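Student: Could we go through this structure together, with the cut-offs spelled out as we go?
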Amino acid sequence: MEATFVLAFFCLTVVYVQSSPGPLEDVVVDTYYVPKMCTRTVASGDYVRYHYNGTFTDGKKFDSSHDRGTPFSGQVGLGRLLTGVDRGIQGMCVNEGRKLTVPPHLAYGSLGAADVVPPDTTLVFDVLMLDIWNMEDKVQTRTISKSESCKRTVQKSDYIRYHYNGTLMDGTPFDSSHNRKQTYNTYIGEGWLIKGMEEGLLGMCVGETRNVIIPPFLGYGEKGYGTEIPPHASLVFDVELVDLHNPKDDIIVENQVVPESCLRKSGVGDFIRYHYNGTFMDGKPFDSSYQRNETYNTYIGMGYVISGMDKALQGVCMGEKSRITIPPHMAYGENGAGEDIPGSAVLVFDIHIIDFHNPKDLVDIRITHKPEDCNLTTDRDDLIQYEYNCSLMDGTLLFTSRDYANPQETTLGADKVIDGLDEGLRGMCVGEKRVLIIPPHLGHGAKGASGVPGSAVLLFELELVGIQKGVPTGYLFVWLEESPPQLFEELDLNKDKEVPLEEFTEFIKLQVAEGKGRLRPGQDPEAIIADMFKNQDRNKDGKITAEELKLKVEEDAEKARHEEL
């Protein structure tokens, strides 16, 4: 239905009507399909785009937009279409199908149309309406679904990521980001989008889904776009906003829960352990330390993590929980990270600070109870008994002495316990209670131990229940006073010039009982005394003589001199 035919017919119609005053047939409209949804119908002044087949009444085809592969476009009610077609399509819906029988005086009249349509010919048009729009139209938006929480909406200068399905008004799809499995990413207000899309995206929330209808003059206009979008096409987009940010954005800290007791906050150079769930702004998860059942461990302020997280981890308390929103320029930027994090993605982390320490930290000792009578205190080499609870800083109980029948026992300075605990147990008196915070370099280190995570700060609750004063390493017995000047004579109780094991044992036990000497604690006294006797009995004849004792004393003195040197 070419424009030349339309214009020629318009002129002829005036002449024909004036010379034939009798009654004339009108266009006959046969509607054979009406869509279930019809939000708009053709009215005078509207622009339309439709497909048609044109035939004579005998069914012979003379024209078809389908054959050309290009729909017809024109304006209704201004004489730019065949009069019969103009009348017959008014009131049509998009996707509606009508059969129009147009008498000659409402078609090409007595002149016909070149060699295509003979004079005085009735024409039949099978019309499928594809699109309706008007120059007064605006972008139409309809919210399909909206997120429960909407703290921020799309504004000019924002950078957004969104998914969309794009169709023509008749439902013909022309593009979909879902099919590419990649969001469309762009700035708003910078002219990177067609005007109608920029307008339709403004005010959206992350997670919101909108239906956006864009008239052609705010879309691709009279030129269309490629082979997918024809000229004068209204566009329909179903848009889902995935995230948005502004290049000026900083991190956002929300839902912050800080423990009542916060004696220290993290700082640059600290080593921190924390759990996290990582999601995008639309709630889609991409990573979780909980699923790996292990914390994420890193130094703060040294560039080991993305800059937004590095900043968020400074100034936090142990046990603190919060939600951190990190814009892409403080995360993985335009390139993203691997297959899990796309380019320009805003990241949301729900974090839980488990603990942190500094490599320079010492044992933190807090006395929670101290008896009034506190004269005898623990020191190196002492054998002690104590009750304890050992926990992580988040309160997770790891070990407790209450699981056993007797208190824990150890010798201080003998490398029987971790260094931080050994230090924290010193200087205590029986009945005293303490809380220790032990950094990992004085605990179980970066590798941890059975039941203890690597790099974990440990919290001990202690109560000392017993002290047995000890002797230096390598010694079985020490004098608490000056040893007797004539030691052999003191040992030789029956004065027979030799000291058997029985006499030696009786003498040592007497020194201990009188507080003059001390045996190594925690072992069988009889066995210790027997070992002492063997050390003195040089010739292994079961007796100690004055000469054997003299040689042993001289050896010990020489050894002591070398140790001093």
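This is a predicted model: local features need pLDDT of at least 70, side-chain atom pairs count only at pLDDT 80 or more; totals for chains, interfaces and linings use all residues.

Student: OK, how many disulfides does the structure hold?
Tutor: There are four disulfides, a disulfide being a pair of cysteine sulfur atoms within 2.5 Å. With the bonded cysteines of the protein chain numbered in sequence order, the pairing reads 1-2, 3-4, 5-6, 7-8.

Student: And which cysteine does Cys38 pair with?
Tutor: Cys38 is bonded to Cys93, with the sulfur atoms 1.8 Å apart, and the link is left-handed, at -90 degrees about the S-S bond. Cys38 sits in the loop between strand 1 (28-33) and strand 2 (47-56), and Cys93 in the loop between helix 3 (83-89) and strand 5 (97-102), so the pair ties together parts that are 55 residues apart in sequence. Helices (H or I, at least four residues) and strands (E, at least two) are DSSP runs numbered from the N terminus.

Student: Is Cys93 buried or exposed?
Tutor: Cys93 is buried, at a relative accessible area of 6%, whereas Cys38 is partly exposed at 35%.

Student: What about Cys374, which partner does it have?
Tutor: Cys374 is joined to Cys429, S to S 2.1 Å, in a left-handed link with -110 degrees about the S-S bond. Cys429 is buried, with a relative accessible area of 1%.

Student: Switching to helices: at what angle do helix 10 and helix 11 pack?
Tutor: Helix 10 (residues 501-513) and helix 11 (residues 525-536) pack at about 120 degrees, with axes 10 Å apart. Axes are lines fitted to C-alpha atoms, for helices over the stretch in contact, and angles run from 0 to 180 degrees between N-to-C directions. The two helices are therefore oblique to each other, given that under 35 degrees counts as roughly parallel, over 145 as roughly antiparallel, 65 to 115 as roughly perpendicular and the rest as oblique.

Student: Which residues of helix 10 meet helix 11?
Tutor: Leu501, Phe504, Thr505, Ile508 and Lys509 in helix 10 do, and their partners in helix 11 include Ile529 and Phe533, where contact means heavy atoms within 4.5 Å.

How values were computed:
Residues are numbered from 1 along each chain as its sequence is written. Side-chain values use heavy atoms; hydrogens and water are left out. Buried means under 20% relative accessible area, exposed over 50%, partly exposed in between (1.4 Å probe, protein chains only).
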